[in-house]
Amino acid sequence: MSNLNTSGAKPLEWKVLILPDVVEEKTAGGIFLPEILKEKKQFAETKGVVIAMGAQAFKKDFKDEYWEDAPKVGDRIAIAAFSGYVIEGKDGKSYRMIGDREILYVEE
């Protein structure tokens, strides 16, 4: 798999960089959302793709073992709403940096 990380940000320790799904600009009824509401909805978005992981992400305590069911780069995942830190990438996309334990599940 090619390198998905074009953000210019490298996660450290147990952090995970995800690219959240983009929130639609208008409602199903055709009403355009104000920019502030769109930004709030984007930060509440709970699904996305794993872009990069720090070296300690999904490590079992202080051992050299990793979670058996840990997500991999490229996996679609769900996270808790409003978790993490928003990063504007060098590529113009909006990313979220979260802790590995903030991932709720991997989509199959």
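The legends below walk through several close-up views of one predicted model.

Residues are numbered from 1 along each chain as its sequence is written. Because the model is predicted, local features need pLDDT of at least 70 and side-chain atom pairs count only at pLDDT 80 or more, while totals for chains, interfaces and linings use all residues; side-chain values use heavy atoms, leaving out hydrogens and water.

View 1. Let us start with the backbone. Strands of a sheet pair through backbone hydrogen bonds, either parallel or antiparallel. Strands (E, at least two residues) are DSSP runs, numbered from the N terminus, and two of them pair if DSSP finds at least two bridges between them.

**View 2. Strand 4 pairs with strand 5 (residues 94-99).** Look for the 4 bridges that join these two strands in the antiparallel sense. Which residue of strand 5 is the bridge partner of Glu 88? That partner is Ser 94.

**View 3. The largest nonpolar core has 10 residues.** A nonpolar core is a set of buried Ala, Val, Leu, Ile, Met, Phe, Trp, Tyr and Cys residues joined through side-chain atoms within 4.5 Å. Buried means under 20% relative accessible area, exposed over 50%, and partly exposed in between (1.4 Å probe, protein chains only). The members are Val 16, Ile 18, Val 50, Ala 57, Phe 58, Ala 70, Ile 77, Ile 79, Ile 98 and Ile 103. Strand 1 (15-20) and strand 3 each supply at least two residues of this core. Another core, of 7 residues, lies apart from it and includes Ala 9, Ile 51, Ile 87 and Met 97. Now find Ile 18: leaving aside neighbours within four places in sequence, its contacts (heavy atoms within 4.5 Å) include Val 50, Ile 77, Tyr 95 and Ile 98.

**View 4. Phe 58 and Trp 67 form an aromatic pair.** The structure holds 1 such pair. Rings of Phe, Tyr and Trp (its six-membered ring) pair if their centres lie within 6.5 Å; planes under 30 degrees apart count as stacked, over 60 as edge-to-face and the rest as tilted. In this view the centres are 5.0 Å apart and the planes meet at 75°, so the pair is edge-to-face. Phe 58 is buried at 2% relative accessible area, whereas Trp 67 is partly exposed at 25%.

View 5. A salt bridge is a side-chain nitrogen of Lys or Arg within 4 Å of a carboxyl oxygen of Asp or Glu. Through shared partners, salt bridges join Asp 21, Lys 47, Arg 76 and Glu 107 into one network.
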